[in-house]
Amino acid sequence: MKLNSSRVAAPIRRHRLTLISFVTGFSLLTYELAAARVLAPSIGSSTYVWTGVIGVIIAALSLGFFVGGRVADARNKITDLAWLLLLASLMAVLTLIAYEGMLQSIVESIQDSRLQAVVAALTLFAPTSFFIGMTSPYLAKLNVQSLTSTGRSIASLDMFNAIGGITGTFVTGFILFGYIGAHEAIGLVAVLLLLISWLVAPRWYMAQRLAVSAVLLLCALTPASALPGVVKIDTASAHYEVIKGFIDTRQVTGLVTGPSGTQSAVYASGVDEPVFWYNREVSRLALERRPDSVLILGGGAFTLPQYLSEQLPDSSIDVVEIDPELKEISERHFRYTSPSNVSETFTDARAYVNQTDKRYDLIVVDVYGDASIPFTFMTAEYGKAVASILQPGGIVVANVIGGLSGGCREALASVDAAYRSQLPYAYYSIEQGRDERRTNFVMVYSKTAESFEGLGRLELPARQAFSDNFAPAERLHYQCQQVRSQV
């Protein structure tokens, strides 16, 4: 069957091909970063999750290259490119519509977080990546005008595609996530792919394409749904949810950074005491010693710095938090007042420990992202660095998730070894009634033997600490995570 001549597309100008190549590169990397954000609340943001997302998207892209090349040679139709871009936009819109229900189903039916990440990426993000991949062979074929310039023609498209990817990475990571969420970022990708589809044969089936485009635009620009009492916030560093709930019949406002639960909270009634046991225990130890200088690694919602600033008005408290947006979040939702005796530094906590020339009487370490600790906090180099900024007679108090037996024992022992490489005396406490196979441990480390009320001596076999070169934090976290369903 032959098409009506009025509907046959004219050749595409090369500058349009270049623009399409740039935008598809931009869209793919923005989509990939947004994909990891979408998975974070339900599955987490560990290296395993990133591995699943990146691996699946690259596999889908490669399959798109393979299929697209063969289809382009067999059909040789310029208008196919418009349909591919339209289909990629449609798949991105379907991601927006389906991801909440799909993720809930995946988490409920699959226990292994690694498999959860792979299945979620396959169902939600592979289709869009596949159709974006299919466009590449079409672009290359349309851009080649003679055999003598084949290399330059294909290389120029690859270059602009890569530049688009680089631009998408930096713009999304450094700028967009400071203003819009992952849902809106995927909507932006859908809109961009839809718009550039019109660069290909803009008059071809115009009425039908306008109707489809209007529907896609409406879906892409529809705001994310929100549960009552839940505020979703995306920053350049992470995805957060501010929730309302109850702990022991008392209403609280909590900060959630992943699937493991609430990381920080304040009582809705305005009571200033810490909500969680480990914060109460850290506060108790701090009030017993009344240190002149305190360093808190990991600000969270700044609930602990706020409480300690009120209880220790003569102490100087330095807080190191990687995400500067958390200060505003804490002021808005968690009654943080930026007390005069608290100084905030927004940088990586390990980098601060390595670089500071200050010395502290008390160092509090609470650097968990969701329920996993960065590998840089379980190495001998870290242990040496943190001991070097401790005043004579000072102590380190660390919040650690682990166990005295079973799958979480190695995680606890690995963190412990890093501290004890320089601070040989170790003490601990856990909340009464908690299962010692997996729970929060408040650990205390010192250079000399001391006596702490309510703390016992930690008796773990001596072991060599990991190094910055090798610290299998992901494996240890995964191993301990499996214990969670058993306790």
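**Close-up views of a predicted model**

View 1. Valine 364 has valine 397 of β9 standing opposite. Strands of a sheet pair through backbone hydrogen bonds, in either a parallel or an antiparallel manner.

**View 2. The open sheet contains 8 strands with mixed pairing.** The strands follow the order β7-β6-β5-β8-β9-β11-β10-β12. At the edges lie β7 (342-346) and β12 (456-457), each of which pairs on one side only. Helix α13 (residues 380-388) packs on this sheet, where α13 touches β5 (293-297), β8 and β9. The direction of α13 makes an angle of about 140° with that of β9.

**View 3. Helix α9 spans residues 277-289.** Its 13 residues reach 19 Å from the first C-alpha to the last, close to the 18 Å expected at 1.5 Å a residue. The buried residues of α9 are Trp277, Tyr278, Asn279, Glu281, Val282, Ser283, Leu285 and Ala286. Among the elements that cover these buried residues are β4 (262-267), α10 (303-311), β8, β9, β10 (425-430) and β11 (439-446). Arginine 290 follows α9 and has a positive phi, near 45°.

**View 4. Asparagine 143 is a buried residue of helix α5.** Helix α5 comprises residues 126-143. Asparagine 143 counts as buried because its relative accessible area is 2%, and buried means under 20%. When residues up to four places away in sequence are not counted, asparagine 143 touches Arg14, Leu17, Ser153, Ser156 and Leu157.

How values were computed: Residues numbered from 1 in each chain as written. Predicted model: local features only at pLDDT ≥ 70, side-chain atom pairs only at ≥ 80, totals over all residues. Heavy atoms only, no water. Pairing = 2+ DSSP bridges. Helix = DSSP H or I, 4+ residues; strand = E, 2+ residues; numbered from the N terminus. Contact = heavy atoms within 4.5 Å. Axes fitted to C-alpha atoms, helices over the stretch in contact; angles between N-to-C directions. Expected span 1.5 Å × (residues − 1). Buried < 20%, exposed > 50% of the residue type's maximum accessible area, 1.4 Å probe, protein only.
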